Amino acid sequence: MNVRAWALMIVSVAILVLNGTAGAHGTGQHIMGTVTAISDAQIDVKTPKGRQLSVRLTDKTTFQPRGKETSGTRPQVGDRVVIEASGTAEELTATEIMFSSASGPPKTGRR
């Protein structure tokens, strides 16, 4: 085998390995945004691009508060969230929700 054939084979194997690794993530999707509504059954989020999404909650959905200012076990309207969800764009189900409170210490600045 010449050098060119070896290089082509190495690149081909690398592509196959990387594709297998990327596919192992499954149907997981990350959703970032601000909570606009929340109930026991779903959470509604407005993304930074202005898109409104509804994500189903189940008894297996876990909630992970971030930051000292966050209290409680679930996000509230106005909180920032990162949601790990599965399913299709039409029917997303949250597996994990990481959140931080929108309220924090008052900001001070010059006027």
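A residue is called buried when its relative accessible area is under 20%, exposed when that area is over 50%, and partly exposed in between. In this predicted model, strand β3 (residues 52-56) has a covered face made of L53 and V55 and an uncovered face made of Q52, S54 and R56. In a regular strand the side chains alternate between the two faces of the sheet.

The protein as a whole contains 1 helix and 6 strands, arranged along the sequence in the pattern α-β-β-β-β-β-β. Of its 111 residues, 23% are buried. The accessible surface comes to about 8200 Å², and carbon and sulfur atoms account for 58% of that surface. Among contacts between residues at least 6 apart in sequence, 52% join residues at least 24 apart.

The pairing of β2 with β3 is antiparallel and consists of 5 bridges; within it, K46 has Q52 of β3 as its bridge partner. These two strands form a hairpin with 5 residues between them, in which G50 takes a positive phi near 90 degrees. The pairing of β3 with β6 (residues 91-100) is parallel and consists of 2 bridges. In this pairing V55 has L92 of β6 as its bridge partner, and R56 stands opposite T93 of β6. V55 lies on the covered face of β3, whereas R56 lies on the uncovered one.

Strand β6 also pairs with β4 and β5. With β4 (residues 62-65) the sense is parallel and there are 4 bridges; P65 stands opposite F99 of β6. With β5 (residues 80-88) the sense is antiparallel and there are 9 bridges. β5 and β6 form a hairpin with 2 residues between the strands.

In soluble globular proteins, nonpolar side chains tend to be buried together. Leaving aside neighbours within four places in sequence, I83 is in contact with Q29, H30, I31, I43, V45, V55, A94, E96 and I97.

A41 is located in the loop between β1 (29-38) and β2 (42-46). Its relative accessible area is 46%, so A41 is partly exposed. Leaving aside neighbours within four places in sequence, A41 is in contact with V55, R56 and L57. The contacts of A41 therefore include V55, from the covered face of β3, and R56, from the uncovered face. The C-alpha atoms of A41 and D59 are separated by 9.2 Å, and these residues are 18 apart along the chain.

Notes:
Residues are numbered from 1 along each chain as its sequence is written. This is a predicted model: local features need pLDDT of at least 70, side-chain atom pairs count only at pLDDT 80 or more; totals for chains, interfaces and linings use all residues. Side-chain values use heavy atoms; hydrogens and water are left out. Buried means under 20% relative accessible area, exposed over 50%, partly exposed in between (1.4 Å probe, protein chains only). Contact means heavy atoms within 4.5 Å. Two strands pair if DSSP finds at least two bridges between them. Accessible areas come from the Shrake-Rupley method with a 1.4 Å probe; for residues, only the protein chains shown count as cover.
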